[in-house]
Amino acid sequence: MKNIKQLALASYTDNKLDNKKILRIVNKLSRKEIKFYLKKIKLLESKNTIMVTLVDRNTDKKIINDIRKIFKNKNVVINEDKALLAGIRILDFDNLYEYDLKSKIENISKFLTK
Amino acid sequence: MKTSEQIINDLEKKLKNFTDSKTVSNIGTVYKNTDGVITASGLTNVKMGEIVSFNNGTEGVVLNLDEDSVSIILLGDGTEIKEGDKVKASGKLLSINVSENILGRIIDPLGNPLDGKNKVENGKNMPLERIAAGVIEREPVNTPLKTGIKAIDSMIPIGRGQRELIIGDRGTGKTAVAIDTIINQKNEQKKVICVYVAIGQKKSTIAQVIERLKETKSIGYSIVVSASASDPASLLYLAPYTGVAIAEYFMEEGKDVLVVYDDLTKHAWAYRQISLVLRRPAGREAYPGDIFYLHSRLLERAVKMNKENGGGSITALPIIETQANDISAYIPTNVISITDGQIFFLTDLFYSGQRPAIDAGNSVSRVGGAAQTPLIKSVAGKMRLELAQYNNLAAFAQFGSELDEATLKQLERGKRTIEILKQSQYQPLLENLEFMSLWLVTSGHLDDIDLSQIQTFEKEYHKFIEKKYPKILDSLTKGQKPDEKLILQLEKTVSEFKKIFK
């Protein structure tokens with residue numbers, strides 16, 4: 001399993017998944033090993049991806065550019081969610097940065113009902 | 001009915017204390033939900049024992065930190081949690097909110113009320129896991145914890161701050177002794193707060209215990225932590241730690257606390273279940289490797305603090321259930337080696353009518369005389385010796401008339417000692433009455449009383465003294481060794497009573 005982890009790391013070229021490498025690796029693995037390999041690839045992809053959620057993806061282009069500059073080596077994905085009401089939410093693998101109005105209201109509500 | 005202005009004012013007052021510093025949180029994604037354990041990816045910053053919460057509000061505790069995942073035991077219903085759900089770290093370790101209002105309450109291991117009243121709030125958050133007090137902060141056990149049970153207070157005395165194991169087969173009276181001890185604390189001048197932790201028991205049994213505490217008016221200074229057999233293994237695992245966390249709150253205020261863990265065998269079973277589901281390596285009898293540490297870190301928190309650190313104490317009475325009186329099994333030997341003595345209950349004694357069914361030979365209190373008042377000590381030593389001599393001679397009892405007079409006398413004295421040590425359930429005795437009973441047998445005043453009448457004699461003698469000579473009882477209450485004058489007075493009362501006793 002340690003080898004498969006290394007194979008997953010080796011599936012990248014210039015921080016992007018290399019399809020040719022993946023095909024070569026997958027052809028040599030058993031079914032069980034492929035499952036583990038895919039799990040590792042998904043994990044690495046989520047580590048390399050920044051999910052940015054905005055109320056309207058077409059506004060705040062400066063913010064998106066600033067985020068892309070901060071996370072140069074990562075893949076920035078922009079989502080839209082009107083439920084946020086205002087502000088921005090950034091997910092960097094397992095770190096969630098909640099700068100949106102919905103989270104603020106939820107926190108206030110929890111505090112008041114404590 | 002509050003007006004809208006009042007409601008707005010209340011909200012504004014509360015909001016003044018609001019600080020929203022939690023803009024960054026550590027989250028994970030569920031990828032497995034099996035047998036009450038959630039495996040999640042992410043949560044790279046989470047700590048061992050940290051509380052996490054799921055989308056549906058259920059909380060869990062992190063118990064395994066693996067390379068790419070964490071394992072979480074659920075503290076509630078996990079049937080709605082599915083793969084892909086998010087889980088958020090709270091940044092907090094498990095704790096319970098404790099204040100004076102928790103006295104008289106029945107709660108679950110998470111602090112949720114089970115008695116229909118409001119949750120205890122606005123108190124101090126006491127962590128469930130905590131390092132025990134160090135050596136320097138402690139002092140030797142020197143104050144008795146009176147159980148009100150003659151057999152225990154005389155031969156296996158318990159002190160405040162001691163850990164005394166109650167061990168025996170099912171149905172031998174272990175819980176009864178613990179409950180009697182709790183009931184007896186209402187007679188104490190320096191109050192002892194009692195925490196009864198029910199682990200893995202039937203709800204009907206727990207209800208009976210609570211009812212008994214209410215009937216005897218002991219619930220006012222007691223707290224019941226209930227993790228019944230139908231609760232998840234995670235709650236059974238946490239229950240004893242909740243009990244000791246509550247005890248530590250009162251101990252820090254300089255009070256004496258008694259914690260009964262009923263029983264740690266089921267606690268070990270629950271921990272074994274959790275560990276096996278977490279895929280931890282199984283050891284002897286499928287218990288995990290840290291099963292000793294599970295109980296040692298719990299029982300080490302029983303303490304007698306020195307005066308500089310408040311002078312409070314936590315006395316622990318863990319209960320262990322054996323199978324076929326086997327005290328050499330894994331969990332019993334573990335807990336015996338941790339505690340400061342054990343009270344061993346035998347099934348044979350129970351069914352032969354000797355209740356409490358205590359095997360005085362195999363029972364011990366490592367604190368001993370330091371936990372006895374001079375009053376009880378004056379009679380206990382002689383009584384224990386006589387009982388030991390009787391046990392040695394008992395095998396010869398079958399020879400009857402072939403024995404010499406001295407041996408026969410010893411046998412008769414031993415029988416009467418055993419008879420006087422019998423005691424009804426839920427009837428703990430005050431120390432002065434205990435002394436009266438033990439003095440009667442050790443001074444030979446019961447040698448001419450028929451065996452079948454010993455208990456009646458004892459009860460009626462107590463009533464006689466309470467009615468006719470209350471001053472004698474008052475002088476015995478001080479706990480000092482009785483002087484010759486008092487002994488002479490007692491001799492006179494016995495002679496007088498024997499004339500009227502039928």
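Me: What makes a residue count as buried in this predicted model?

Reply: The criterion rests on C-beta atoms placed from the backbone. In this predicted model, a residue is buried if the number of other C-beta atoms within 10 Å of its own is 20 or more.

Me: How many residues of strand β13 of chain B are buried?

Reply: Strand β13 of chain B spans residues 256-262 and is mostly covered. On one side, Asp256(B), Leu258(B), Val260(B) and Asp262(B) are buried.

Me: Which residue of β13(B) is the bridge partner of Val197(B)?

Reply: Strand β11 of chain B (residues 192-199) runs parallel to β13(B), and 7 bridges join the two. The bridge partner of Val197(B) in β13(B) is Tyr261(B).

Me: Which residue of β14(B) is the bridge partner of Val259(B)?

Reply: β13(B) also pairs with strand β14 of chain B (residues 313-321), in the parallel sense and over 6 bridges. Within β14(B), the bridge partner of Val259(B) is Ala316(B).

Me: Are α11(B) and α12(B) roughly parallel or roughly antiparallel to each other?

Reply: Helix α11 (residues 405-421) and helix α12 (residues 431-442) of chain B pack with their axes 9 Å apart, at an angle of about 170 degrees. Angles over 145 degrees count as roughly antiparallel. The relation of α11(B) to α12(B) is therefore roughly antiparallel.

Me: Which residues of α12(B) make the contact with α11(B)?

Reply: From α11(B), the contact is made by Arg416(B), Thr417(B) and Ile420(B). The residues of the contact of the two helices divide into 3 nonpolar, 2 polar and 1 charged. The residues supplied by α12(B) are Ser437(B), Leu440(B) and Val441(B).

Me: Which element gives the most to the side of chain B that touches chain A?

Reply: The contact takes 16 residues from chain B and 13 residues from chain A. On the side of chain B, α1 (4-15), β1 (24-34) and β2 (37-42) each supply at least two residues. The residues of this side divide into 5 nonpolar, 7 polar and 4 charged. The element that gives the most, with 5 residues, is β1(B).

Me: Which residue of β1(B) is the bridge partner of Leu96(A)?

Reply: Strand β6 of chain A (residues 95-100) pairs with β1(B) in the antiparallel sense, over 3 bridges. In β1(B), the bridge partner of Leu96(A) is Ser25(B).

Me: What distance separates the centres of domain 1 and domain 2 of chain A?

Reply: The domain assignment of chain A gives domain 1 as 2-47 and domain 2 as 49-113. Taken over C-alpha atoms, the centres of these domains are separated by 29 Å.

Definitions and conventions. Residues are numbered from 1 along each chain as its sequence is written. Chains are lettered from A and ligands numbered from 1 in the order in which they are written. This is a predicted model: local features need pLDDT of at least 70, side-chain atom pairs count only at pLDDT 80 or more; totals for chains, interfaces and linings use all residues. Domain bounds come from an automatic or database domain assignment. Two residues are in contact if their C-beta atoms, placed from the backbone, lie within 7 Å. Helices (H or I, at least four residues) and strands (E, at least two) are DSSP runs, numbered from the N terminus. Ala, Val, Leu, Ile, Met, Phe, Trp, Tyr, Cys and Pro count as nonpolar, Asp, Glu, Lys and Arg as charged, and the others, Gly among them, as polar. Two strands pair if DSSP finds at least two bridges between them. A residue is buried if 20 or more other C-beta atoms lie within 10 Å of its own, exposed if 12 or fewer, and partly exposed in between; C-beta atoms are placed from the backbone. Axes are lines fitted to C-alpha atoms, for helices over the stretch in contact, and angles run from 0 to 180 degrees between N-to-C directions. Angles under 35 degrees count as roughly parallel, over 145 as roughly antiparallel, 65 to 115 as roughly perpendicular and the rest as oblique.
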